[in-house]
Amino acid sequence: MSQTFDDISAQLRRRHRRSARLKWISMGALGLAGLFLVLFFADMLSKGLPAFQQAYVQVELEYNEDAQRMGREAMEPEDAKIVSRSFERLIPGMLRDDPDLLGTTETRWVLANGEVDQYLKGHRSKLSETERQAVDEKVENGQVALKFNTTFFSQGDSKMPERAGIMAAAVGTVMTMLVTLAIAFPIGVMTAVYLEEFAPDNRLTQIIEININNLAAIPSILFGLLGLAIFINFFGVPRSSPLVGGMTLALMTLPVIIIATRTALRSVPDSIRHAAFGVGCSRWQVVRDHVLPLAMPGIMTGSIIGLAQAMGETAPLIIVGMVAFIPDVSASFTQAATVLPAQVFTWAGEPEQAFVEKTAGGILVLLAILIFLNATAVILRKKFERRW
Amino acid sequence: MTSLQTTTPTAAVNPPEPELGQPYVRNENACHDLSIRVRDLSLWYGETQALKSLDIDIFQKNVTALIGPSGCGKSTFLRCLNRMNDLIPGVTIRGLVEMDGRDVNAVKMDEVALRRRVGMVFQKPNPFPKSIYENVAYAPRMHDLVSRKADQDELVEKALRDAGLWEEVKDKLQQPGTSLSGGQQQRLCIARAIAVQPDVILMDEPTSALDPISTATIEDLMDKLKQQFTIITVTHNMQQAARVADYTAFFHLGEIIEYNDTQMMFSSPATKKAEDYITGRYG
């Protein structure tokens, strides 16, 4: 007995309902993920953006004899309470460097105390009632104001939140990434080229292949232990330095680059290789002149994504000592340095209220750089993509 | 069936015994200088034997067509001549492929040197994803055949002229080779192959991906090129073999069943299998 259209329609209705349900569930999952992302960004922006502004105060400075020893002697006592101690400490040095200043006076905008800053931004502050009134008065007179926080983008870490900046960590990140790239990119690409284009397909290369894939899944902190044991203890590379950090992260990035490169090489059609062999290319000429140029966009995309991953990594760097208090921008690859995520981690552990916004501000800078890197990867791929 | 059998030429019953590797019937107008001599050539893919003790002589400056049903080993044989089978893992080759008095499979033979003298054109046009000019100039430059830019330009023009492509591309040499039509791409691949002045050009079904007009152009081209080069072509298209080839070898299950002057092969094949294939009983 054959089925009528009505019978089939009844069955189909159930099937259509089921697929509609699945569609709604998957859309719901996507929506939820999007919601979390929006919440995360909104939270980070609302907490982090204030860090890009800082309270400054206009004070009268009188460079007298006492100020040579104690910087606060150059100011009125009530001004000294709201000026950052980091600035007070600079005054004796300024007088030493420029003795002509002695006996002069000047009016200038200087960094305010972190508590003043927090008070102005409406956060919890330790200022007393009288200090608050004094600050309010100065705000009305235009002597205290929130200005763009150049300190945050030009200084290293400090125990005084108003003085703490992201620059040292950013420079540390750049140097560490340079080391990582210089090590992981050539080794990774050449390894992949060997495995994909030269190596015979035997038991040994299969074992190597499986191990490389497994390496990509190893918890990153183990790479930190490896870095500590081999680079620092065995080879004596200075700890906390961008050199050791970069080498450790290079270990972590290698498998990512190898896998990305192999995928890119495999996507180059064999007809190109045959054409090149057919005109008498040696194996290396086939790879250098024909296969690598075609695979380059894929290799670069994979490498940049691997590098971005390494850039956000903190755990292995804790072990090699890169989570440290670094007040000065490091000048060489062997000096102690820190990196952005490690700086965020350090600030997150500070007790002062003012460090909360620094933490969020640091995350914003890190995110901006990551988004920039990923966008570069996409643009590079689009730009160099070739059809055949 | 029985009526057909009675029309079978008597030659099929008692094929003439040719000299080893020689065609049963020699075309008296063709050149008979030896280009490639193959003796007792066998090839295995792993455990599977794909070529069974082949003997064949390929004559210079002729077109030799290899025909036969799918999987009969004609493309495999073709790739033995420039050692492209080296690229496939698990291939074992035994026997002699001799060119210019040298065994091409010898350890001392550099496959790069061999491929410099034995060029190849593939089934699917595969120009390099570079400019038309680069496609032709790359190999001569790599082999140090040209050093000066002017020589290179001249060589590119000559190769493109010989391939019958110059008039169509002379104003757009810097455009990518892949922007050309399929037939033009295949002629670009031929220009690329002849730019290094090889002795032999192997063509693996060069027209199977092309339309009839492009196919005719390539066939004309083969006819011209055989004045300079020895051409060995694999084809599925028997009319094509009849049109372009001086000699035709019929392959079946890894063996050469019949090797003959093309006219003889198509007018009165000496073997029953070849006749059945040519008349379309299988294939």
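This is a predicted model: local features need pLDDT of at least 70, side-chain atom pairs count only at pLDDT 80 or more; totals for chains, interfaces and linings use all residues.
An unreviewed UniProt entry lists "domain: ABC transmembrane type-1" at residues 170-376 of chain A. In the model, this span is 76% helix and 0% strand, and its end C-alpha atoms lie 18 Å apart. The feature "transmembrane region" also comes from an unreviewed UniProt entry, which places it at several stretches of chain A, including residues 215-237 and 317-340. Residues 215-237 of chain A are 70% helix and 0% strand, with 23 Å between the end C-alpha atoms. For residues 317-340 of chain A, the corresponding figures are 17% helix and 0% strand, and the end C-alpha atoms lie 11 Å apart.

Chain B has an annotation of its own. Residues 36-278 of chain B are listed by UniProt, in an unreviewed entry, as "domain: ABC transporter". Over this span the model has 37% helix and 27% strand, and 26 Å lie between the end C-alpha atoms.

Attention now turns to the place where the chains meet. The contact draws 20 residues from chain B and 18 residues from chain A. On the chain B side, at least two residues each are supplied by α4 (111-117), β6 (118-121), α5 (132-142) and α8 (182-194). Helix α4(B) provides the largest share of that side, with three residues. By residue class, the chain B side divides into twelve nonpolar, four polar and four charged residues.

In soluble globular proteins, nonpolar side chains tend to be buried together. The largest nonpolar core of this model holds 146 residues, of which B:Leu66, B:Ala191, B:Ile194, B:Ile201 and B:Leu202 touch the most other members. The helix that gives the most to this core is α11 (residues 242-266) of chain A, with 14 residues. Leaving out residues up to four places away in sequence, B:Leu202 touches B:Leu78, B:Leu81, B:Asn82, B:Val118, B:Met120 and B:Ile232. A second, separate core has 21 residues, and A:Ala55, A:Ile82, A:Leu95 and A:Leu120 are among them.

One partner of β9(B) is strand β3 (residues 63-67) of chain B, paired in the parallel sense over four bridges; here B:Thr64 stands opposite B:Tyr247. Another partner is strand β10 (residues 255-261) of chain B, which runs antiparallel to β9(B) and is joined to it by six bridges. Within this pairing, B:Asn260 of β10(B) is the bridge partner of B:Thr248. The strands β9(B) and β10(B) form a hairpin with two residues between them, and B:Leu253 in the turn has a positive phi of about 50°.

A:Glu313 sits in the loop between α13 (283-311) and α14 (315-319) of chain A. A:Glu313 counts as buried because 24 other C-beta atoms lie within 10 Å, and the cut-off for that class is 20 or more. Apart from neighbours within four places in sequence, A:Glu313 is in contact with A:Ser220, A:Leu249, A:Met252 and A:Pro341. A:Pro186, by contrast, belongs to helix α8 (residues 167-198) of chain A. A:Pro186 has 11 C-beta neighbours inside 10 Å and therefore counts as exposed, a class that requires 12 or fewer. Between the C-alpha atoms of A:Pro186 and A:Ile258, 72 residues apart along the chain, the separation is 10.0 Å.

Technical notes:
Residues are numbered from 1 along each chain as its sequence is written. Chains are lettered from A and ligands numbered from 1 in the order in which they are written. UniProt positions are given in the numbering used here, feature names are shortened, and annotations may be inferred rather than shown by experiment. Two residues are in contact if their C-beta atoms, placed from the backbone, lie within 7 Å. Ala, Val, Leu, Ile, Met, Phe, Trp, Tyr, Cys and Pro count as nonpolar, Asp, Glu, Lys and Arg as charged, and the others, Gly among them, as polar. A nonpolar core is a set of buried Ala, Val, Leu, Ile, Met, Phe, Trp, Tyr and Cys residues joined through C-beta atoms within 7 Å. Two strands pair if DSSP finds at least two bridges between them.
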